[in-house]
Amino acid sequence: MSELAVDVSNLNYKYPDGTWALRNVSLKVYAGESVLLLGISGVGKSTLLMNLNGLLTPTEGTIHIFGKKVIEKNLREIRRRVGFVFQNPENQLFCPTLWDDVAFGPINMGLSQEEVEERVDWALKLVGLKAYAEKPPHHLSFGEKRRAAIATILSMEPDILLLDEPTANLDPKGVENIISILRDISSKGKTIIIATHDVNILPQITDRTVIMYNGKIKAVGRTAEILSDIATLEKYGLKLPLVGQLFHNLESNHKLPLYGGLPITIGSAEEKILELLGRNKK
Ligand SMILES: Nc1ncnc2c1ncn2[C@@H]1O[C@H](COP(=O)(O)OP(=O)(O)OP(=O)(O)O)[C@@H](O)[C@H]1O
Ligand SMILES: [Mg+2]
């Protein structure tokens with residue numbers, strides 16, 4: 001079993017106006033895992049992410065990051081290890097040039113000029129914005145801003161990446177870009193937690209899915225299992241991914257045999273269709 005990256009224990013969070021946004025949340029995430037934090041609007045996804053890197057302080061309960069408790073005196077180290085990509089990239093870009101924005105974190109960490117340059121170069125290349133280094137961030141398109149915001153976090157080389165709705169408001173190409181960046185980051189052994197309400201986009205890159213509802217965790221399991229469990233999804237206001245819906249309809253309306261479960265990604269659907277046609281995948 002790999003190292004425990006995130007350990008949330010009986011976390012409750014109350015906003016100053018009295019709203020209890022998280023109730024008795026417990027969750028363990030292991031190093032190198034990619035986790036989808038799924039739930040309809042207002043269930044507490046962003047609040048949970050903000051507690052994980054100390055932007056918000058638990059009202060009750062504890063959070064440990066690689067064994068270190070998230071409390072005031074550890075915040076500097078926690079923030080170095082846990083990077084948070086906000087839903088709105090504009091919250092993360094405030095320097096005169098993109099280069100400055102991506103260099104901001106590494107400079108603050110006290111890295112040498114050479115190391116800073118290396119990291120900025122690497123992060124901008126990874127998100128495909130190397131050619132835009134000298135541009136003012138407010139001149140970038142929305143999709144480019146999203147990738148730029150990811151680069152500002154990657155340059156700090158966090159071990160854990162929290163992303164809040166990273167594919168919202170992007171065109172299909174933009175979504176594809178983000179998926180490929182996240183795949184790349186995940187293959188480097190980073191731990192990733194992604195909050196979203198979209199069941200269609202990110203299952204292909206996440207190992208486990210956590211369903212939240214009304215401030216609580218309601219289901220945790222392998223993504224392929226959770227996202228093909230129609231009863232659980234519907235109970236919490238969610239739907240099957242479109243691919244899964246198609247196969248579910250074929251099964252219930254036309255008795256299509258689905259041994260081995262409902263496919264929920266294009267890739268698994270492709271395999272299933274070939275299997276049903278008696279052909280092997282090339
Ligand atoms: N600053 C705040 N003060 C009071 N209540 C808040 C505040 N921010 C969020 N809430 C409430 O806390 C609950 C959880 O909000 P949160 O933003 O975490 O949900 P979410 O799952 O991220 O939703 P979405 O998918 O719409 O982003 C909601 O009921 C919301 O109204
Ligand atoms: Mg949110």
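Author: This is a predicted model. In it, Asp121, Lys125 and Lys130 are linked in a network of salt bridges.

Reader: What are the N to O distances for Asp121 with Lys125, and for Lys130 with Asp121?

Author: Asp121 and Lys125 meet at 3.3 Å, N to O. For Lys130 and Asp121 the figure is 3.0 Å.

Reader: Where do Asp121 and Lys125 sit in helix H4 relative to each other?

Author: They are four residues apart in helix H4 (residues 113-126), so about one helical turn separates them.

Reader: And is Lys125 buried or exposed?

Author: Lys125 is exposed, with a relative accessible area of 54%. Asp121 is partly exposed at 29%, and Lys130 is partly exposed at 39%.

Reader: How many salt bridges are there in the whole structure?

Author: A search finds nine. One of them joins Arg81 and Asp159, with the closest N and O atoms 2.7 Å apart. That pair links distant parts of the chain, 78 residues apart: Arg81 is in helix H2, and Asp159 is in the loop between helix H5 and strand S7.

Reader: New topic. What is the strand order in the open sheet of four strands?

Author: The order is S2-S1-S4-S5, with antiparallel pairing. S2 and S5 stand at the edges with a single partner strand each, so one side of each has no neighbour in the sheet.

Reader: How many bridges join S1 to S2?

Author: Seven, and the two strands run antiparallel. Leu4 stands opposite Tyr30 in S2.

Reader: Which strands does helix H1 lie across?

Author: Helix H1 (residues 45-52) lies across S1, S2 and S4, and runs at about 120° to S1.

How values were computed
Residues are numbered from 1 along each chain as its sequence is written. Chains are lettered from A and ligands numbered from 1 in the order in which they are written. This is a predicted model: local features need pLDDT of at least 70, side-chain atom pairs count only at pLDDT 80 or more; totals for chains, interfaces and linings use all residues. Side-chain values use heavy atoms; hydrogens and water are left out. Two strands pair if DSSP finds at least two bridges between them. Contact means heavy atoms within 4.5 Å. Axes are lines fitted to C-alpha atoms, for helices over the stretch in contact, and angles run from 0 to 180 degrees between N-to-C directions. A salt bridge is a side-chain nitrogen of Lys or Arg within 4 Å of a carboxyl oxygen of Asp or Glu. Buried means under 20% relative accessible area, exposed over 50%, partly exposed in between (1.4 Å probe, protein chains only).
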